[in-house]
Amino acid sequence: MSEENYVSSFWRSHNFRLEPWGNDYEPPIQISEELSLSESDVNPTVETDNWDSFESLQPRSLPNRLIFIDGRRRLDAALVGGDGNTITYGVFGTIAVGAVVVDRTIPKASCIEIDVRRVLGFGGEQDAVSTPIPCPLGSKAELLYTAIKSNQPNTPEARSAIVQNSMLAAEEQLVSKLNVKDADTLVIRDGALRYESPTSTLGYIKTMHKQYLSENYAALLWKLLPGQRTPIFHIKDRSQYSWYLKSGDSQHSPQQLGYHDLHGIVRLELSSKIDIETAKEIANQTCYLIPYYASHPSRDPRAPQNLAPVSALERELGRRMGDAILIKRRLQCFLASFGGNE
């Protein structure tokens, strides 16, 4: 076999395909066998045991009001220090959370409840102290970094965990503050649900870290078309219903673009404290709502998984967080003002 034929044969037989998300983002599929759940952890037949020819029903109605919730985090400056031979790791970080409210009857979208916070924390048993960072040239626009009590081990990885957990806690506070109980409103939170999340909140996961379904059930994921979903399954230890859905434009198949067949797959979560019939109705609603609000590749490198309202919210949160370079420069000037060790 010639080298040219060998190369062609390799690519045909191995079925490698493009990952459309850019290298600046973590890939949407990161499943490891070590993260797979056993069949005892998941009940795939809570809605139906017919996964071979499952078709979701049309929803009776669609909610007129949608609320999309998301947060952003940034490590402004990494810290390392300590007394004697002890090294302590810490971080200055900025978090921002907010919501986009979409009124489908107008239609109109608006950002609400945007909250920007700056946090300071350390790993191990080192306590932090809330610290104002002065602005040069006599301005009163100081940056206040609030001390965070962390339970993270004293490792470099503690820095990301401190900022991440602060952002998730702020998102939980925002969800509780909204306190939406209107039957005509659906709340979609970008990311997995927490255990204390309200029953009316839908978790939207665009990256797959775990394999929740065995091979027999997971085979359906490769066959889904945009707007189609899997049956609902029950994640027992998290007390949540979940289902997979194919997002995107039905006029453009992954094969036409050179992408793999799982491109556009997202997973949704809902508290299992609600009855299964209500969960089925919400799952059927997502078959229409998620593709409708899916982002387009010309505007978002994480299309179609990243939702357009969430993408707009991310941009606004990033703007409100301030310029990363200028903020890091101010932190450097602040730390340098203390001079070296004597």
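**Sheet, cores and rings**

User: How do strand 5 and strand 6 pair?
Analyst: Strand 5 (residues 131-133) and strand 6 are antiparallel, with three bridges. Two strands count as paired when DSSP finds at least two bridges between them. Strands are DSSP E runs of at least two residues, helices are H or I runs of at least four, and both are numbered from the N terminus. Within this pairing, proline 132 is opposite leucine 144 of strand 6.

User: What are the ground rules for the model?
Analyst: It is a predicted model: local features need pLDDT of at least 70, side-chain atom pairs count only at pLDDT 80 or more, and totals for chains, interfaces and linings use all residues. Numbering starts from 1 along each chain as its sequence is written, and side-chain values use heavy atoms, without hydrogens or water.

User: Back to strand 6. How does strand 4 run against it, parallel or antiparallel?
Analyst: Parallel: strand 4 (residues 108-122) joins strand 6 through two bridges. Valine 119 sits opposite threonine 146 of strand 6.

User: What's the strand order of the sheet?
Analyst: It reads 1-9-10-11-8-7-2-3-4-6-5, an open sheet of 11 strands with mixed pairing.

User: Which are the edge strands?
Analyst: Strand 1 (42-43) and strand 5, each pairing on one side only. Strand 1 is antiparallel to strand 9 (residues 233-235), with two bridges. There, asparagine 43 faces histidine 234 in strand 9.

User: Which strands does helix 6 touch?
Analyst: Helix 6 packs on the sheet and touches strand 2, strand 3, strand 4 and strand 7. Contact means heavy atoms within 4.5 Å. The direction of helix 6 makes about 40 degrees with that of strand 2. Axes are lines fitted to C-alpha atoms, for helices over the stretch in contact, and angles run from 0 to 180 degrees between N-to-C directions.

User: And helix 7, which strands does it lie across?
Analyst: Helix 7 (residues 324-336) lies across strand 2, strand 3, strand 4, strand 5 and strand 6, at about 35 degrees to strand 2.

User: Core next. How many residues has the largest one?
Analyst: The largest nonpolar core has 29 residues. Such a core is a set of buried Ala, Val, Leu, Ile, Met, Phe, Trp, Tyr and Cys residues joined through side-chain atoms within 4.5 Å. Phe68, Ile188, Leu202, Leu268, Ile290 and Leu307 have the most contacts inside it.

User: Which element gives the most to this core?
Analyst: Helix 5, with six residues.

User: What does phenylalanine 68 touch?
Analyst: Its contacts include Val100, Ile188, Tyr293, Leu307 and Leu313, leaving out residues up to four places away in sequence. Phe68 also belongs to a ring cluster with Tyr292 and Tyr293.

User: How many aromatic pairs are there?
Analyst: Six in the whole structure. Rings of Phe, Tyr and Trp (its six-membered ring) pair if their centres lie within 6.5 Å; planes under 30 degrees apart are stacked, over 60 edge-to-face, the rest tilted. Phenylalanine 92 and tyrosine 145 are edge-to-face, at 4.9 Å between centres and 75 degrees between planes. Phenylalanine 92 is in strand 3 and tyrosine 145 in strand 6, 53 residues apart.

User: Is phenylalanine 92 buried or exposed?
Analyst: Buried, because its relative accessibility is 3%. Tyrosine 145 is buried too, at 0%. Buried means under 20% relative accessible area, exposed over 50%, partly exposed in between (1.4 Å probe, protein chains only).
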